[in-house]
Amino acid sequence: MKGFETHLLRLQPSSPPPSLSNGFLPQRQGVTNLKVPNFRLRSPSSPSMLKLFSSSTASRAHHHLSPAIRPGASSVESPFFKALSHLTGLNRRSTSLGGRRVFFCSDNASDAAAAAAAEAEAKAAESDSDGADAKSSSAIVPTNPRPEDCLTVLALPVAHRPLFPGFYMPIYVKDPKVLAALQESRRRQAPYAGAFLLKDDPSTDSSSSTDMEKNINELKGKDLLKRLHEVGTLAQISSIQGDQVILVGHRRLRITEMVSEEPLTVKVDHLKDKPFDMDDDVIKATSFEVISTLRDVLKTSSLWRDHVQTYTQHIGEFTYPRLADFGAAICGANRHQAQEVLEELDVHKRLRLTLELMKKEREISKIQETIAKAIEEKISGEQRRYLLNEQLKAIKKELGVETDDKSALSEKFKERIDPNKEKIPAHVLQVIEEELTKLQLLEASSSEFNVTRNYLDWLTILPWGNYSDENFDVVRAQQILDEDHYGLSDVKERILEFIAVGRLRGTSQGKIICLSGPPGVGKTSIGRSIARALNRKFFRFSVGGLADVAEIKGHRRTYVGAMPGKMVQCLKSVGTANPLVLIDEIDKLGRGHAGDPASALLELLDPEQNANFLDHYLDVTIDLSKVLFVCTANVIDMIPNPLLDRMEVISIAGYITDEKVHIARDYLEKTARGDCGIKPEQVEVSDAALLSLIENYCREAGVRNLQKQIEKIYRKIALKLVREGVVPEEPAVAVDAEEAEIVTKLDVESTENHVVEESPAPAAKEPKEEAQNEKKAVEKVMIDESNLADYVGKPVFHAEKIYEPTPVGVVMGLAWTSMGGSTLYIETTVVEEGEGKGCLNVTGQLGDVMKESAQIAHTVARKIMLEKEPENQFFANSKLHLHVPAGATPKDGPSAGCTMITSLLSLAMKKPVQKDLAMTGEVTLTGRILPIGGVKEKTIAARRSQVKTIIFPEANRRDFDELAENVKEGLDVHFVDDYGKIFDLAFGYDKQQD
């Protein structure tokens, strides 16, 4: 190969560089039209290297670099040229675009024909070489200084593959300083930089391209220099578009030292290939093997053919070093192997490294061809089977063997289960397949066909294994719960605990929670808020009065009109297997001839059993272990004990006055105002009005009645606004622009309690009249305590404290009701006195427990009286009558014992009890005080009646300590375990004053 030289081929000035598709490769734009360069050999006797041709348009994208355009010219008298021209398929000519052109194709023409065609084409083009050179231009523009004069360059990191000489590479420069330096270099007619491959970061995953790009942008100065390979490529800056820089590789470089850090500038040495003998047989053989391997790969890979065609236009001489660089650059080697080829200066070793990479690429191409063939055979087989099945269906349809309904149903059921086939349990999938087979054998007119169809419909529509993504963000859940409900800290804390456990475990399990409390405290609505906080689907069904077990467990399929139970219907409705199910009014379950629903709920609400819940209709087990059950009840005493044992009970007591004011102001009032279409600036409800509304109209524990009263107020306000003409029936008609502006203003203000009057004339109003109208328009509807009765009527409740102070024989007790707590007076009086007439009568619609408490109280009072005043024979000689007022209200419970004793003793001693005193507690015959329930409700009732002193059993101290501070504020509470202490508190006020 001694004496092998080429002249530079220049492209036409209008030819742009290849358009880049993904930062590495040019885009293929169409059929490859190729311009034939002219070649000359200085030494005809020397074995010349090959000249390749490429398209004037860019070729299809791949992950390799795009070859740079290198001008040159040479002769075609070379066997290398003949071999590689046959390799690339240059056998057609075209005279379009003013030059000799050929079309590259992939046919298998003979070597002789290909070589002859190439030679003829080259000779024909030789005559035009002078003109072509004059009209052409090169992507590598001659510069001053020359490339070999560049001893100090900017160091540009390359992330994915090194840049080889003769190839294009687009890079993206994010650092504005580096980008400015590159632009300045181009302006100074020295558009050169150094492209160096980035080393792997041992602390990160080298396979992540995103991390690699991020690391490049973060590295600066010495840190960047440490991460760069020493050997790189001197690159000419072809173009800069935004942050994209197109580089063209020239020659190899080696970093010697750093000049500056920002931007990174280094001193370099220009590397040259080691001297080699061009006539060396080993080098020739290696190069021939590289070309042979390349040809084998080209036969199977059209993508490589496109790269060869592109590269042959861009290079000027195809020497042994160029051949090695070309093979390494376009093959699929990884970045380290490509860098190894770039760093190798021994031509023979470089050819061997390239040959190894090419051999690997050929094996990969063979494997790819095998895989493609297998996939193609499989697809063709499936297509053939599909066509035959369609023909079979058409034949059956024509013969009437199969109807459209059955096939359509089967396809519908299969389409449902195919996306989730892996999630469906094996036993369920087996039942579905059996039923599908049975469906094909049944006649559409038979009753069994409809049963099977409905059964398959339910089986295939359930969300087997589909779970909604849960929210494990405790802060977000807290915000959602606080948005919807005020207070209810116990419920919110329990839900947040559930979320926290799920976050630590990574998954959540189903739970059964029971919310108990009086009506209107938000038990049902809190369930929907919990579902929103957990990001779960919500489903509610009420079991109040439910008397049929089939509503829970489903009907047998043998019955006409059989349906699954409520839980299966729930899963179908929500579409997920982990919803939140609210079972409302669980304390009001019925019981009839169809079974006991409470017993049926035992399996559903048992965490150990509901993982295999069996519905009678489906007859396959369903996993309900991920479902969160929330039950509501007013009185947990009505729930059967086995069912209650499976639930976690959270008691929700009634709201106190302060809490009701917050709820009314922050939730109920806003909702009612929006529902009535009233704006906030039109109405103002004072705090005194809300407080009066709560105290005199809505004393119940919940806020449902309070909501009704607030809605009633806003409805009356809306009627008042409409009657006053705030919303006119016929808006005023504007005659000119000024009047139109006035009418528009009135229309806007009409929803703000403004009075609109039609203008009889288009004349403008006087400023004084407009000021009066505006003053009238800003008037609000004020609701205060003085005019509250005009909107909600007369007060419903009056003061519960009917005695001020309490007379002899009257004591205030505390009671718990389903509506919350209330005060309860115990009255005792003497009917008649006489020797041996001592007895006790009770009235007030008392239950058996309270009647027994009255008898116990009478006995204990006589015992205490004998101890305190032995000479007093009041109980032995007096006929007494004990009454509990509000005789129309049924009353029962054991907590009135101490109150009854105090009332009897007050009458016996003719001494009233301490002022503003209330008490509650159950008493034994020995005078011991037993604990009671409803501490919060009773405390709230005492505060409502302005009671200052409360007596509770000692065992209820813990319950009282758990109350909020605003509930306990201002109360003097005493805890007793023996009635003697109550006696001292109730009747020892004289001693306390002394």
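This is a predicted model: local features need pLDDT of at least 70, side-chain atom pairs count only at pLDDT 80 or more; totals for chains, interfaces and linings use all residues.
Residues are numbered from 1 along each chain as its sequence is written, and side-chain values use heavy atoms, with hydrogens and water left out.

**Exercise 1.** Work out which kind of aromatic pair Phe539 and Phe541 form.

*Solution.* 
- Start with the rule: rings of Phe, Tyr and Trp (its six-membered ring) pair if their centres lie within 6.5 Å; planes under 30 degrees apart are stacked, over 60 edge-to-face, and the rest tilted.
- The structure holds seven such aromatic pairs.
- For Phe539 and Phe541, the ring centres are 6.2 Å apart and the planes sit at 50°, so this pair is tilted.
- Now check burial, where buried means under 20% relative accessible area, exposed over 50%, and partly exposed in between (1.4 Å probe, protein chains only).
- Phe539 has 16% relative accessibility, so it counts as buried.
- Phe541 has 5%, so it counts as buried too.

**Exercise 2.** Find which parts of the chain the pair Phe960 and Phe975 ties together.

*Solution.* 
- Take the geometry to begin with: the centres are 5.8 Å apart with 70° between the planes, which makes the pair edge-to-face.
- Next, locate the residues, using helices (H or I, at least four residues) and strands (E, at least two) as DSSP runs, numbered from the N terminus.
- Phe960 lies in helix α32 (residues 957–961) and Phe975 in strand β30 (residues 972–976), so the pair ties together parts that are 15 residues apart in sequence.
- Phe960 is buried at 7% relative accessible area, and Phe975 is buried at 14%.
- Finally, look around: Phe952, Phe960 and Phe975 form one aromatic cluster.

**Exercise 3.** Describe where the side chains of strand β25 point.

*Solution.* 
- Strand β25 covers residues 878–883, and its side chains alternate.
- Ser878, Leu880 and Leu882 point to one face and are buried.
- Five bridges join strand β24 (residues 839–843) to β25, and the two run parallel.
- One detail to spot: Leu840 has Leu880 as its bridge partner in β25.

Methods. Two strands pair if DSSP finds at least two bridges between them.
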